[in-house]
Amino acid sequence: MSTNPDGLNHVQEDGFGAFVALHGGALGSSGVPQIYWRSVYHKITDEVYDAGEVFGIMQVQREEEDEDGEDGERKKDNPGVVVGCKVVVTRGSGLQVSDPTSIYLVDHAWTYRVEHARQQLEQIPGLVSRMASLMGLDFHGEVPTPDVVELILERMWKYNQTYQLSQGSAEEKVPVWYVMDEFGSQVQHSDHPSCCMAPFFYIPGQLAYTLLWPLQDLQQGDEVTRDYAYGETNPLQRRCRLLPWIHDDLDGVSSVITEPADSYYEAIARENKEQLPVEVQPATVPKDKILKVFTEMSQVRNNLTHPRFLLTEDEEEADIIWSYGHIKDYRKLSEERPHVMLNQFPCENIVTVKDCLAAVARRIKGGPTPDWLPETFNLQMELPQFIKHYQLRQHRFFRGEDNHWICKPWNLARGLDTHITNNLDYIIRQSESSPKVPAPTRSNSLVSEVHMERRNC
C-alpha cells in the first residue's frame, strides 16, 4: 500500500486553515505572534506537552518573602511560601523567539466558577491536597478541613486566571476561573517579563489551555517571568493591580472621588451609537382608542390582558413598541413615527447603569456622594481611590466597622456572577473578568459600593 505525502500535507493545510478561521481572532487579540500559530495547532491536535523538555522549576530559599534585590528592586514573587520557586530554562540550546516551535501548552490544575469553588474543594478527591501544595500551605491530609478550605479560598486569588466564553446562555457566559498547573503557577512576576502567557480555548475539543511564548531569546538558566498586570501602562494603576502580590500603602493617594468630566459621558454616547431624536410634541391618546402593542418579550405577551391593548405581529402598525433589544435609531422613529410610544428613552443608561447613575448623582452636592447613595467607585478610573478607601476602613475594622463588599456584573441578573467578600485581592482580581458593578453590604449603618469596570452599555 503506497502512501501519499502530498495528500497528507493537503489535509494538514486544510486543518490548519480551519483552525485559523476559528481561532485566529482569539490568537490575535491575545497577542500571540503568527509565527507560532501553526505550532499551537499541531501541539493541541497532537497533544504535545513539551514544556518539560525546555523548562524546570527551581526552589529558592529566601530569608524574607519580599526582600530587596541587589539592584534595589523589590522582588515580586508569589508570597506565602517559606521556600520560593521560580521557572528557569533548562534546555542547553535555550529558547529563541524566531523559532516557530517556541510556544508551549500549560495545563490547568483546577477550572471552576466561583460559586462552585467551595463545593469542589470539599468533594473532589485530592483537589485540596494539590491546591495546598501548589499554594505553599501546610496540609498533608486526605480529608479537607474547614480551615484549609478557607485558606485556599483566600489564597487562590494570588494564583487565579480567568477567561469568558463569548457565546451561549447568560449562565455559560459567566467568567471561568482557573489555576494553572504547578509549572504555570510558579512563573513569577516581572515589570520586564521574559515571556508572555495567555489563556486559549480550543473550541473543537472544548478545552482550555494557557499558551506561553518568549518575548526575548533566553539562555539555559534564565528565568521565565511574566507581567501580572499585562497591558496596564499607568504607573499608579499598575501598583494597584499588583497589590495582591506586592504590598502597597498607596501613601499620598486620596480616597475622595468627584464626578467625571463631560468627556466620560461623551465617550459612553459614542460607544452606544444612538441617533438622538428630533423634537416631537407629546401625543394625545383618545380614551377609547385600542393601542396596538408590538413586543418580542414573552413576559409582556403572556400577561398583557387589559382590554385597551391589542398585541400585534406587525411592528409598523404598532402604537407601542416594547423592545427587548437596545433601541438606537431614535431619530428615524421620531421623524417617521413621532407618536409611537417606546419602553426606552435616549441615553437612559445614564440612570439605568449603576456607575453612570452614581457619577451623575454626585452633581447633587457638587462633587460628594449624596446621602441616599452608597459611596461609589468605578474601578476602571478610580481603582487607587477605592483601594485607599478600603484600607482606611480596614484600619477601623477592629473597632467593629465591617468591610464586606458585594460585587455584581452590570449586565447580568438572577445573582449570576455575584460575589460577596471582604478580601481585597478577590475584589481587585474581579476587575479582570466580566464588567462588575459591586454594591455595598450594609453593616453598622455604613454603606459603600465599588464599581469594578464599565463596558458598552
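Helices (H or I, at least four residues) and strands (E, at least two) are taken as DSSP runs and numbered from the N terminus. The structure is a predicted model, in which local features need pLDDT of at least 70 and side-chain atom pairs count only at pLDDT 80 or more, while totals for chains, interfaces and linings use all residues. Residues are numbered from 1 along each chain as its sequence is written, and side-chain values use heavy atoms, with hydrogens and water left out.

Gln344 is placed in the loop between strand S14 (341-342) and helix H11 (349-352). Its relative accessibility is 13%, and Gln344 therefore counts as buried (under 20% relative accessible area, with exposed over 50% and partly exposed in between; 1.4 Å probe, protein chains only). A polar atom of the Gln344 side chain lies 3.0 Å from the backbone nitrogen of Ile327. When residues up to four places away in sequence are not counted, Gln344 touches Ser323, Gly325, His326, Ile327 and Tyr330 (contact: heavy atoms within 4.5 Å).

Beyond its neighbours within four places in sequence, Trp110 is in contact with residues including Leu121, Met131, Ile152, Met156 and Trp177.

Strand S8 (residues 195-202) is mostly covered, as six of its eight residues are buried. S8 pairs with strand S9 (residues 207-214) in the antiparallel sense over eight bridges (pairing: at least two bridges found by DSSP). The two strands, S8 and S9, form a hairpin with four residues between them, and Gln206 in the turn has a positive phi of about 50°. Tyr202 stands opposite Leu207 in S9.

Tyr202 also belongs to a cluster in which ring pairs link Phe16, Phe19, Tyr41, Phe200 and Tyr202 (rings of Phe, Tyr and Trp, the last by its six-membered ring, with centres within 6.5 Å; planes under 30 degrees apart count as stacked, over 60 as edge-to-face and the rest as tilted). The whole structure holds 18 aromatic pairs. Phe377 and Phe386 form an edge-to-face pair, at 5.9 Å centre to centre and 65° between the planes; both residues, Phe377 and Phe386, are buried.

How values were computed. A polar contact is a pair of N or O atoms within 3.5 Å; within protein, one must be able to donate a hydrogen and the other to accept it, and residues adjacent in sequence count only if both atoms are side-chain atoms.
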